[in-house]
Amino acid sequence: MTGVPASAAGGPSGARRAGAGAASAASGKVPGAAAGRAAARSAEGGATGAGPGAPAGAGHGGAASGETGTGVDEAPESVDDAQGEDGPGRGGKLAAAAVNQASVWNIANLLTMLRLVLVPAFVALMLADGGYDPAWRSLAWAAFAIAMITDLFDGHLARAYNLVTDFGKIADPIADKAIMGAALICLSALGDLPWWVTGVILGRELGITLLRFLVIRYGVIPASRGGKLKTLTQGVAVGMYVLALTGWLATLRWWVMAAAVVLTVVTGLDYVKQAIVLRRRGIAERKAALEEKEA
């Protein structure tokens with residue numbers, strides 16, 4: 001007689017405890033391991049209370065065990081989900097921050113530094129032995145060609161592999177202007193290139209760079225296809241002038257340089273137009289924002 005009430009009492013209480021354990025595990029209020037142990041104890045209590053003489057208790061115990069089993073199965077899933085949101089999520093953010101904070105000593109910046117180092121080397125080779133020796137001019141051309149090739153790759157690598165740094169943003173345009181300016185000044189100083197050509201090209205480059213800084217508060221002037229073609233044409237033309245060419249190649253380089261000068265002027269005027277439009281649009285947007293705020 002005592003076994004029957006005990007089983008009847010044990011069965012419902014075991015079920016209630018099992019239900020509470022499963023609910024706690026499912027709601028995430030009990031950690032995964034604690035929820036599993038609580039649910040297991042509840043199930044044992046329900047099963048122990050149910051004896052052969054009390055089939056009703058056994059029935060409740062079976063139901064409780066089924067609910068507890070579900071609770072135990074769900075609890076680790078809840079914990080795993082929480083870890084997936086907190087642990088890996090936080091780790092992913094830290095990894096992204098580490099990528100964004102690229103080291104200065106990356107391949108893109110190393111190529112830019114190489115280009116800067118090549119500037120004095122190019123000048124020394126260009127002016128060696130009076131500046132007219134074909135052998136020294138060929139070595140100077142090699143230094144200039146390497147500098148121009150690295151200019152094509154460092155920006156692409158920086159954007160493709162997220163290696164953009166503050167140093168690269170400042171040093172890359174300086175290296176570009178330095179190698180081109182050094183070549184043009186050397187050629188004009190040696191009498192191979194008229195000074196007005198050097199003045200037009202360098203004046204345009206410095207003027208557009210200054211213009212970009214002046215309108216940067218309103219937006220960024222993107223590089224155009226014409227600008228890229230201008231850079232390529234300038235590099236080819238200056239490279240041909242650096243080499244001691246004769247005959248029809250000397251005539252060809254004059255035409256290539258003429259095309260470079262035309263592209264330099266045309267693209268420069270286009271950038272000026274873009275800067276004016278960008279500034280007007282920026283002023284209009286700010287004025288509209290102020291009027292909306294006052295209203």
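Predicted model: local features only at pLDDT ≥ 70, side-chain atom pairs only at ≥ 80, totals over all residues.
Reader: Understood. Leaving aside neighbours within four places in sequence, which residues is V238 in contact with?

Author: V238 is in contact with F144, M180, A183, L184, L187 and M257, once its neighbours within four places in sequence are set aside.

Reader: And which residues of the largest nonpolar core touch the most other members?

Author: That core has 32 residues, and those touching the most other members are F122, M126, F144, V238 and M257. At least two residues of the core come from each of α4, α5 (134-160), α6 (166-189), α7, α8 and α9. Helix α6 gives the most, with seven residues.

Reader: What lies apart from this core?

Author: Another core, of seven residues, lies apart from it; I208, I221, A275 and L278 are among them.

Reader: Turning to α9, what span does it reach?

Author: Helix α9 covers residues 248-294, 47 residues, and reaches 69 Å from its first C-alpha to its last, close to the 69 Å expected at 1.5 Å a residue.

Reader: Which helices do its buried residues pack against?

Author: The buried residues of α9 pack against α7 (195-214) and α8 (225-242). Those buried residues include R253, M257, Y271, A275 and L278.

Reader: A change of topic: is W105 buried or exposed?

Author: W105 counts as exposed because its relative accessible area is 64%, and the threshold is over 50%. W105 lies in the loop between α3 (55-100) and α4 (107-127).

Note on methods:
Residues numbered from 1 in each chain as written. Heavy atoms only, no water. Helix = DSSP H or I, 4+ residues; strand = E, 2+ residues; numbered from the N terminus. Expected span 1.5 Å × (residues − 1). Buried < 20%, exposed > 50% of the residue type's maximum accessible area, 1.4 Å probe, protein only. Contact = heavy atoms within 4.5 Å. Core = buried A, V, L, I, M, F, W, Y, C linked by side-chain atoms within 4.5 Å.
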